[in-house]
Amino acid sequence: MTLLLDPRKGDVEDDTSSTKGRSLLSLAGTLLVEISLPKLIAAWLLLVALPCILLGLTPLIGSAWLATFSRSIGSTYGGLLTFAIILIVLAVGWFGGRTLFRIAEQAFWALNAMAVQPLYALSREAIRHFSEIALGRWLDEERRARLRAFSAAAAGLLLCVISLFIVWLIGPHTRWSAEFADLLSPVSLIVPALANAGVILFAYCTAVTFVWGLADASMDQPRGWWDFVDASVLKRSWRVVHLSDVHVVGERFGFRLESGRLGPQGNSRLARVLARLEEMHAQNPLDHILITGDITDAGRSAEWAEFFVAMLRHPKIAERCLILPGNHDINVVDRSNPAKLDFPTSPGRRLREMRALSGISAVQGKRTHVVDLEKRRLGKTLDEALAPYADDIATFADTGTIRLSAKLARVWAEAFPVVLPPGTDDGLGIILLNSTALTHFSFTNALGLMSAEQSRAMHAVVRQFPKAQWIVALHHHMVEYPTPALKLSERIGTALINGSWFVRQVQRIARRAIVMHGHRHIDWIGRCGRLVIVSAPSPVMEARDGDTTSFYVHTLGVDKAGRYLMAHPERVDIPGDELATLPVRSDTR
């Protein structure tokens, strides 16, 4: 059979969403051409315009209510009504406190992700990037750390001044008080409501950019770390394989959405990784195999099915495996169309969450536990915690109803962190966190967020086992890497939105914890103060089928003095395997 084109090599359609094969400007052009304008307008009204108008109306409605309340407070009925309203508010807060806090926290960080973080990260990294170009070889590691702190402070101050200037411009158009009679003509209040919202938002930006810049500047700056020990000094040790970003696809010759034709095809490389792990385990047993997110390329059912097919061929590896969700597992709305929007009421994201939760349960549900925050200790196994919702999850997968989606949102939130407890009081435990942020747009799928609820659960578990050592595992990197970059676009912000805050949270347990993450496919081991951070390269991405990729085996342990240490990592190379080519007529293909 002679072919004009070899279909296994793909074509331009496979590069639709590729950030490796296309420039950001080209992708932005595709977004403008392909985006659904009615859906965009509806989403903008629902997610931006309506909240802004409500925010601007809040002081007007509040002032009108206070004026009426002050006049009626003396009346019996007015006092009873007010008392009843207060009781209702207290009841809602008491019985729905955790859910309300979770919603408020998501909304708070969503506001930061949309209004503050992109401009702040761009300003900070631009200042740092061009300063490094100008200063060149004069920079050593210590000076580079100081420059990073200066860049954060300068970016925060710059945006603080710009926000203050905008507040000064909008200020004359605001209105902060009203009577109930004014509310009968709501159209006349739209302009002052929008002006109020603008002043509130930019006043918020003024404060938060200053605080954000100060927080980033004052934190322990990331540096490289090379204080490895010889494994022979460890009294007790554990061999941990760290994989990440395997991006399983659902087709034998499928390409990844991020790399397109510049990356690997199919899942043959993952198969070679698992086969190599099988050989290594037979020679020198492995304790844990940790995959820190992006198990799949777009969270589709076929991709999860391919992952399980690969794992079932290696049962000894599967029983040591631990996985957690990444942004590609949860936040990719449509792998072939980065312009597609996902409404908050759409079942798409919840379906991806349930697929991931089902996969996590299948891999480690009997071995890992959820955290009981009320008791501040480990609770049921993951399988036991999910068992009451099994029928709802199956029904939702078939129907996608809004009612079940709302119910299962709580199941997803309360499933994390997932914890593998230490085998003994002084053993090694692993805390698996969910760092995916709530997004509705494929193009912004890479954002990450760590919830305060998960941080509290992490500390509760660590306190429960005061002699244990820990791996804190998540998908997103907490800070941008301190290594030099050739392009400004390589620096820009897909780290945790609240990364500097979470670094400080984990630093509290830095003597007994090491952080492991993936996301950027970058091979780096560093530290923030005492906290050691391990970033995993992808054994699949950043290479074509004929190229060599790698992963690491880390030996962690404690010495005679009880110090938690890391031995020199063992690098394992996975050689490439070019696809056999079918005969084609043209040498150009």
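Tutor: Begin with the surface. Arg-376, Arg-456, Arg-463 and Arg-508 gather there in a patch of positive charge. A patch takes residues with over 30% relative accessible area and no salt bridge, like charges being joined within 9 Å. This is a predicted model: local features need pLDDT of at least 70, side-chain atom pairs count only at pLDDT 80 or more, and totals for chains, interfaces and linings use all residues. Residues are numbered from 1 along each chain as its sequence is written, and side-chain values use heavy atoms, with hydrogens and water left out.

Student: How many salt bridges does the structure hold?

Tutor: A salt bridge is a side-chain nitrogen of Lys or Arg within 4 Å of a carboxyl oxygen of Asp or Glu. The structure holds 21. In one of them, Asp-216 pairs with Arg-124, the closest N and O atoms being 3.2 Å apart. That pair links distant parts of the chain, helix H7 (residues 190-218) and helix H4 (residues 97-135). Helices are DSSP runs (H or I, at least four residues), numbered from the N terminus. Asp-216 and Arg-124 are both buried.

Student: What separates Glu-132 and Arg-128 in helix H4?

Tutor: About one helical turn, because they are four residues apart. Their salt bridge has its closest N and O atoms 3.4 Å apart. Both residues are buried.

Terms used: Patches are made of residues with over 30% relative accessible area and no salt bridge: like charges are joined within 9 Å, nonpolar side chains (Val, Leu, Ile, Met, Phe, Trp, Tyr) within 5 Å. Accessible areas come from the Shrake-Rupley method with a 1.4 Å probe; for residues, only the protein chains shown count as cover. Lys and Arg count as positive and Asp and Glu as negative; His and the chain ends are not counted. The place of a charge is taken as NZ of Lys, CZ of Arg, CG of Asp or CD of Glu. Helices (H or I, at least four residues) and strands (E, at least two) are DSSP runs, numbered from the N terminus. Buried means under 20% relative accessible area, exposed over 50%, partly exposed in between (1.4 Å probe, protein chains only).
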